[in-house]
Amino acid sequence: SSAAMAALRGRAVLAPLGARLRAGPRAPLRSAASAPPLYDVVVSGGGMVGSAMAAVLGHDIHFHDKKIALLEAGPRKEYDHMPDSYSNRVSSISPGSATLLSSCGAWDHVCSLRLKPFRRMQVWDACSEAMIVFEKDDLDDMGYIVENDVIMSALTKQLDAVADRVEVFYRSRAVGYTWPLPSRSCDTSPWVQVELADGRRLQTKLLIGADGHNSVVRKEAEIQNIEHQYDQSAVVATLHLSEATDNNVAWQRFLPTGPIALLPLSDTASSLVWSTSHDHASELLAMDEESFVDSINSAFWSNINHSDFIDTAGAMFRSAISLLKPSGTAVRQLPPSVAKVDPESRAMFPLGMGHATEYVRHRVALIGDAAHRVHPLAGQGVNLGFGDIACLAHHLSAAAFNGSDLGSLKHLLKFETERQRHNVSLIAATDVLKRLYSTTLAPLVLLRTWGLQATNALPPIKVRI
Amino acid sequence: QLSLFRFTVKRPFSTSHSSVDSEEMKKFQLLAHKWWDEEGEYAALHSMNDIRVPFIRDTLLSLSSNYHPGNPLSGIKILDVGCGGGLLSEPLGRLGASVTGIDPVEDNIRTADQHKSFDPVLAKRIQYKSSSLEEIVEESMETFDVIVASEVVEHVADLETFIKCCSQVLKPEGSLFITTINKTQLSYVLGIVVAEKIMGIVPEGTHEWEKFVPPEELERLLEANGFSVRTVNGMLYNPLSGSWGWMESTSLNYAVHAVKSGARAWSHTTDAPSETDVQQRSATAGT
């Protein structure tokens with residue numbers, strides 16, 4: 001009869017909970033004397049997303065008396081001064097992410113170091129004239145190009161500012177996690193046990209996995225991950241422009257081999273992110289600097305992939321739009337040309353897509369690349385992670401102010417629902433775009449040409465993007 | 001079974017002035033180990049924390065001028081009467097209060113003690129005692145800043161005695177928070193028939209409609225025993241979402257906030273002006 005009761009309880013939404021509460025090895029018996037130190041929150045992974053998570057919680061008023069630990073496998077990096085040359089790892093930071101970094105005081109540091117706001121994004125096709133321009137009507141910044149090192153420097157400063165609440169463990173890789181049983185009836189610890197490489201142990205009421213796309217937390221929690229390796233690597237480099245310009249436009253052109261993007265760093269420098277096949281990427285890295293620069297300029301300027309058919313069809317469509325909507329085609333700007341590349345700045349890394357089927361378990365939450373990994377073509381990667389932080393911190397802050405158990409699935413599930421709803425559509429769209437633009441087949445090119453032109457002409461869709 | 005036997009031998013509970021009902025105790029005895037299963041028999045009580053903790057917290061914050069970030073209830077001594085497995089004591093402890101939780105069922109206290117033991121902060125802030133309210137009156141006169149009696153008064157044998165005892169252990173101008181169930185046709189249909197027999201939201205037999213307390217009667221008893229009733233709010237449980245919310249009508253569940261008058265408990269004078277707006281009823285002064 002209790003099974004019947006359960007069925008009638010109308011709590012079908014909670015049925016999957018049963019599976020979530022079952023997890024790996026049981027927590028060991030511990031006497032109070034030998035118990036490892038207990039933290040309210042442990043964040044595993046000290047990259048941009050993990051550090052920002054710890055900093056945001058550390059600056060939250062309702063976490064004033066809580067104990068937070070951040071585990072980072074690498075050493076502490078000193079960022080006393082920025083080198084004159086730009087780092088080749090940069091991120092496009094959205095205004096929403098800037099707001100989050102502001103909330104923990106880090107954005108001020110970023111602004112005082114260096115960043116480049118951009119007002120406009122021009123995205124176009126190598127196989128046709130179709131293009132789409134994004135810009136804000138109110139002349140606000142669309143986003144900012146910031147070196148990852150600058151963000152890390154700012155976050156490290158803000159972590160130092162709350163050192164009484166947030167303890168950062170450098171050179172501390174977590175090698176094992178032990179999960180508690182959901183409802184205890186015996187003397188096992190209810191907390192998550194964390195074992196570090198040097199044998200030290202910690203306990204925590206909530207473990208946040210921010211340990212990247214090969215997340216150990218996700219694997220140990222046995223959360224299924226849908227993943228797919230693209231046949232592509234991204235080549236990054238720091239470039240110097242032929243002539244100084246009001247460099248406030250982000251450029252991206254979809255080549256058949258993959259998108260090439262030029263992100264402004266200053267009036268004379270830009271950062272390259274070129275996604276292409278593994279072989280081509282290796283070639284680009286191996287060739288001499290002059291040939292490398294020629295390849296880049298050719299990629300942006302050459303019309304070799306145009307076909308008359310597509311060009312005519314595109315032109316027809318464009319005239320049709322301008323009849324219906326006179327302002328529907330924007331002015332095409334010309335991308336800058338590149339003069340040289342910073343000698344040591346060329347690097348490559350493989351690309352893939354990934355999405356965890358669950359973001360949370362009892363006492364565990366995944367954020368950033370540990371939860372989702374996207375193609376850089378949308379410039380969204382780290383912004384999704386910062387969005388995760390804003391959402392999770394909001395729910396944890398409310399839970400702390402209610403005196404709730406921080407590891408309780410009740411509020412963790414709210415975080416998961418909100419973020420999955422947001423992330424899944426964006427990741428799927430990015431994946432579709434990547435596949436759509438990886439071809440020269442006329443029908444698909446025509447489709448995306450018209451689609452891009454139509455999207456460019458229709459404000460409502462553009463605004464949503 | 002053994003512990004129940006031990007309990008009956010150690011503590012005689014059927015005194016004529018006791019507010020503890022022996023039949024009620026037996027019901028809770030059987031479910032003592034289920035308290036902390038958030039999706040089990042006590043799920044509705046767990047989710048009630050989402051409204052009763054903010055209610056208590058915000059009321060107390062509005063009454064005091066100190067604010068300790070991270071510990072909004074710091075420095076406040078709370079008595080949680082009928083604390084069960086400690087479902088409400090723990091959040092209040094996490095918010096900084098010093099909590100004493102009492103419950104006549106020893107197994108409940110054992111469960112509560114065990115659950116808090118793994119958190120050193122809670123273990124220090126919360127003390128549990130297997131006891132009825134009357135048994136602690138002697139040693140706890142005017143000791144507590146706040147008394148919380150949530151989902152309790154519908155189980156006590158003698159409500160007026162219960163309220164008098166609350167008054168005795170509460171400091172002058174201290175706060176009393178009660179949540180309970182109204183005695184209406186609606187509460188019979190929804191609270192007993194649907195909640196217990198059909199949907200199993202509450203374990204069957206938990207409540208007896210006869211003992212439900214209408215808010216008018218509760219208010220009358222409170223005012224007659226030195227309390228000023230400040231707030232009465234209706235509460236509603238949504239079984240589909242498993243969550244509680246506030247509502248205007250008190251025909252089902254409701255919450256009450258009352259404040260003990262500022263005059264000293266054993267004074268018989270009625271002319272002393274109190275610092276609060278509470279009217280002193282001369283007939284019932286000096287309980």
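## Salt bridges

The side chains of B:D107 and B:R110 form a salt bridge, with N and O 2.7 Å apart. This is a predicted model. Both B:D107 and B:R110 belong to helix α5 of chain B, where three residues, about one turn of the helix, separate them. B:D107 counts as buried at 16% relative accessibility, while B:R110 is partly exposed with a relative accessible area of 41%.

Side chains of opposite charge can pair when their charged atoms come close. Over all chains, the rule gives 23 salt bridges. One of them joins the side chains of A:E147 and A:R114 at 2.6 Å, N to O. A:E147 is in strand β7 (residues 143–147) of chain A and A:R114 is in the loop between α5 (106–113) and β4 (116–118) of that chain, so this pair ties together parts 33 residues apart in sequence. A:E147 is buried, at 3% relative accessibility, and A:R114 is buried too, with a relative accessible area of 17%.

A:D141 forms a salt bridge with A:R119. A:D141 sits in the loop between β6 (131–135) and β7 of chain A, and A:R119 in the loop between β4 and β5 (120–125) of chain A, so the pair ties together parts that are 22 residues apart in sequence. A:R119 counts as partly exposed, at 38% relative accessibility.

| Pair | Distance, N to O |
|---|---|
| A:E147 and A:R114 | 2.6 Å |
| B:D107 and B:R110 | 2.7 Å |
| A:D141 and A:R119 | 3.0 Å |
| A:K410 and B:D50 | 3.8 Å |

A network of salt bridges links A:D40, A:K205 and B:D119.

## Strand β5 of chain B

Is strand β5 (residues 170–181) of chain B largely enclosed or open? Nine of its 12 residues are buried, so the rest of the structure largely encloses this strand.

Strand β4 (residues 144–150) of chain B runs parallel to β5(B), and six bridges join the two. Here B:S150 has B:T179 as its bridge partner in β5(B). Together with helix α8 (residues 159–169) of chain B, β4(B) and β5(B) make a right-handed β-α-β unit. Strand β8 (residues 253–260) of chain B runs antiparallel to β5(B), with seven bridges between them. In this pairing B:I178 stands opposite B:V256 of β8(B).

B:S175 is a residue of β5 in chain B. B:S175 counts as buried, at 2% relative accessibility. Its side chain makes a polar contact of 2.8 Å with the side chain of B:H257. Beyond its neighbours within four places in sequence, B:S175 is in contact with residues including B:L60, B:D145, B:I147 and B:V259.

## Where the chains meet

In the contact between the chains, 37 residues of chain B touch 29 residues of chain A. The two chains bury about 2,600 Å² between them, with 46% of that on carbon and sulfur atoms. B:E39, B:R94 and B:F118 supply 23% of the area that chain B buries against chain A, more than any other three residues.

The rule finds two salt bridges across this interface. Nine residue pairs are in polar contact between chain B and chain A. On the side of chain B that touches chain A, α3 (43–63), α4 (89–94), α5 (106–116) and α9 (185–198) each supply at least two residues. The largest share of that side, nine residues, comes from α3(B).

Conventions: Residues numbered from 1 in each chain as written. Chains lettered and ligands numbered in written order. Predicted model: local features only at pLDDT ≥ 70, side-chain atom pairs only at ≥ 80, totals over all residues. Heavy atoms only, no water. Buried < 20%, exposed > 50% of the residue type's maximum accessible area, 1.4 Å probe, protein only. Helix = DSSP H or I, 4+ residues; strand = E, 2+ residues; numbered from the N terminus. Pairing = 2+ DSSP bridges. Right-handed = clockwise from strand over helix to strand, strands pointing away. Contact = heavy atoms within 4.5 Å. Buried area = accessible area lost by both parts, 1.4 Å probe. Salt bridge = Lys/Arg side-chain N within 4 Å of Asp/Glu carboxyl O. Polar contact = N/O pair within 3.5 Å; in protein donor to acceptor, adjacent residues only side chain to side chain.
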